[in-house]
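This briefing goes through the fold of the model shown below, topic by topic. Keep the sequence and the 3D view open while reading.

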Number of protein chains: 2
Amino acid sequence: MNMRRTTIKDVAEAAGVGVATVSRVLSGGSASPETRERVLTVAAQLDYRPSALGRNLRQQRSGGIGLLLPDITDTFYGRLADGVLACARSAGEPVILGATGDDPEREAELIGMLLEQGVDRVIAVPSGDGETWAPTLRAGLTTVFAHRLAAGRDDVPAVLADDRAGVRTAVDYLTGLGHRRIAYLGGPGQEQRLSVFRQALGALVDEDLIVSARGSRDSAYAVAAGLFQRRPDLTAVLAGGNLLGEAAVLAARELDLRVPRDLSLIMFDDVPWAELCSPPLTVIAQPAQDIGYRAAELVLRAGPRRPRSVLLPTELMVRGSCAPRGISRSPR
Amino acid sequence: MNMRRTTIKDVAEAAGVGVATVSRVLSGGSASPETRERVLTVAAQLDYRPSALGRNLRQQRSGGIGLLLPDITDTFYGRLADGVLACARSAGEPVILGATGDDPEREAELIGMLLEQGVDRVIAVPSGDGETWAPTLRAGLTTVFAHRLAAGRDDVPAVLADDRAGVRTAVDYLTGLGHRRIAYLGGPGQEQRLSVFRQALGALVDEDLIVSARGSRDSAYAVAAGLFQRRPDLTAVLAGGNLLGEAAVLAARELDLRVPRDLSLIMFDDVPWAELCSPPLTVIAQPAQDIGYRAAELVLRAGPRRPRSVLLPTELMVRGSCAPRGISRSPR
DNA sequence: AAATATGATGGAATCGTTTCCATGAACATG
DNA sequence: CATGTTCATGGAAACGATTCCATCATATTT
């Protein structure tokens, strides 16, 4: 009842040729027209599918693409993954997905898994530092980072959104509206953005207003609520991701801060619900899907030499969550 | 410069034993304590990782789990995927992800890919009918459906949210509030829900109020806007998914229908932004993550006989998007 | 002490594919 | 006609693991 898979040998026998010939025909090698036709017919009749297992073992590579993301639940990473899948599909490559939870240890574990699987291409939003990523490079895997870099690993190409420009535009916009006490609500791996934030803010920078949450919703909410309570004098917030933005809106509502009257809010990453919010959220849109697609392109068309990194533009989408600094909230 | 992977042979040589012994030690077979220790030490020293390629070929199975979802961008499926990943990780199994876009043809293509990869377990939110899924069963793959069934494939175990109860509760709630003209805004593969909807509504059912969108956001918006314009007399809507709910909110806003005064809205699937909306959306919560986790459990612990299907509870979360039917909107 | 059971061990076969190489036929060129 | 070239073809060797089976040493039983 549990019949064997049809193998290349079966096809060869049925077509009256050798296995080598079948392999050649199927992978586009040279063969006489009549042989080619016969083999193809037989293969179709038997519904033959070459086993990737055999092939991979022989050619020492498992073709697949590893994709390591902090959290597939976050729509940003969802869109990124979608981009990767789109590109991978057109290349016929399978994608192996792993969620790191922004935990270097889990990331290392997943890298080990990919190595075992013989995957030879990886796209990752890295959580760990350069050390974590040493194994993939040592094993000769084509590695591409997406969305952010790993500390001390500038030898890996990356596809990034232009965070610098995004942060600068947002800060300029807020200061232009008269805001002076501007907070940054950050997440894991946003060192680069922070340095630009400080730089753009210049003399206005207030380290007490720069806070950082871990990856989870709970942590984001706790940090946002803590910030708002500790510093009722702040008038604007830049949230470094949609989870952080969500937390900010929730915390503001909980503390009866009206947006944008009491608090101006800009969020990194444009998500569908930003428009549904009231007021609709002003955001810095990032081309999440493109990031994924381009990363997949890089990792697939990896030539002999290391490809250059890619920087994709961000865009400030002005909606309704920012207002000129009015009469300062009376801190009571 | 591009050195070879360390193989089992290298370990065997370095430890002065045969490859068979190494294999036994590493997979928990019998071996004398001193040999075991020596092999383990050497393996650790050489940083040896057994290649999944070799193993899989030998045992004719690639251990991995295939996961086929309509759209990884949809947070519902994102959470589902997260559940699968969580369970797969604890079992050390890789997950191969594919996005079907709710297109049976693409689904069939992806199934073919999984078959080629030698994957022997699949979790899917099926788009196609029973015919599409014949190949996986014929090939002996352990298959489990999640979130919905494939028409004419009742021989595949499934993990479902209790849609029937969800729809019934929602309809009862709306009729209890006095609503009579209730619309259903559906998506692909919701036949079951529709039948329950009709049944629960009884004599009140109005086929013109039952509409269906394809998977995309655009399609959802178009259908919602069309419905609201065509039937200004409806007073309540049940949206069959978060994309549909989003579209409904957007379309209502565009047409100046105030929620809940002019229009009561219930959405399937509780998402974080449902609370951020104004008014906050009343939803039918589905345990997306659990669905994924349980499906992975089923597919992993698949014994000799087919496991039973699982039905998980839904919950009506009353927030602010439903109101008693007031003075009917004056259709002008 | 002889016979038998037990357990550790390594050689070799196997999985399904690709690819190297040798063979032989057909054809062109001298 | 002899020789060299091209081309289709099939046999066999990889690839890296697992696993069957035979071998041999040691321990147990009579």
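In chain A, six strands make up an open sheet of mixed pairing, ordered β7-β6-β8-β9-β10-β12. Strands here are DSSP runs of E of at least two residues and helices are runs of H or I of at least four residues, both numbered from the N terminus; two strands pair if DSSP finds at least two bridges between them. The model is predicted, so local features need pLDDT of at least 70 and side-chain atom pairs count only at pLDDT 80 or more, while totals for chains, interfaces and linings use all residues. Residues are numbered from 1 along each chain as its sequence is written, chains are lettered from A and ligands numbered from 1 in the order in which they are written, and side-chain values use heavy atoms, with hydrogens and water left out.

**The six-stranded sheet of chain A**

- β7 (210-212) and β12 (315-317) of chain A are the edge strands, each pairing on one side only.
- Direction ignored, neighbouring strands of this sheet are turned by 20° against each other on average; axes are lines fitted to C-alpha atoms, for helices over the stretch in contact, and angles run from 0 to 180 degrees between N-to-C directions.
- Strands β8 (residues 236-239) and β9 (residues 264-268) of chain A run parallel and are joined by four bridges.
- A:Val237 has A:Leu265 in β9(A) as its bridge partner.
- Helix α8 (residues 163-176) of chain A lies across β6 (182-186), β8, β9, β10 (282-285) and β12 of chain A, at about 170° to β9(A).
- Helix α9 (residues 191-201) of chain A also packs on the sheet, where it touches β6, β7, β8 and β9 of chain A, and its direction makes about 175° with that of β6(A).
- Contact means heavy atoms within 4.5 Å.

- An open sheet of 12 strands has the order β11(A)-β5(A)-β4(A)-β3(A)-β1(A)-β2(A)-β2(B)-β1(B)-β3(B)-β4(B)-β5(B)-β11(B), with mixed pairing.
- β11 (310-312) of chain A and β11 (310-312) of chain B stand at the edges with a single partner strand each, so one side of each has no neighbour in the sheet.
- The twist from one strand to the next averages 20°.
- Strand β2 (residues 95-99) of chain A pairs with strand β2 (residues 95-99) of chain B in the antiparallel sense, over three bridges.
- The bridge partner of A:Val95 in β2(B) is B:Leu97.

**Relation of the two chains**

**Helix pairs in chain B**

- Helix α6 (residues 104-117) and helix α7 (residues 130-138) of chain B pack at an angle of about 5°, with their axes 10 Å apart.
- α6(B) and α7(B) are therefore roughly parallel to each other; angles under 35 degrees count as roughly parallel, over 145 as roughly antiparallel, 65 to 115 as roughly perpendicular and the rest as oblique.
- B:Pro104, B:Glu107, B:Ala108, B:Ile111 and B:Leu115 in α6(B) meet B:Thr132, B:Trp133, B:Pro135 and B:Thr136 in α7(B).
- That contact of α6(B) with α7(B) divides into six nonpolar, two polar and one charged residues; Ala, Val, Leu, Ile, Met, Phe, Trp, Tyr, Cys and Pro count as nonpolar, Asp, Glu, Lys and Arg as charged, and the others, Gly among them, as polar.
- The axes of helix α1 (residues 8-15) and helix α3 (residues 33-45) of chain B come within 9 Å and cross at roughly 125°, which makes α1(B) oblique to α3(B).

**Backbone exceptions**

- Most residues other than glycine have a negative phi, and most peptide bonds are trans.
- A:Val259 and A:Pro260 are joined by a cis peptide bond, with omega about 5°; A:Pro260 is in the loop between α11 (242-254) and β9 of chain A.
- B:Ser278 and B:Pro279 are joined by a cis peptide bond with omega about 0°.
- A:His147 is not a glycine, yet has a positive phi of about 70°.
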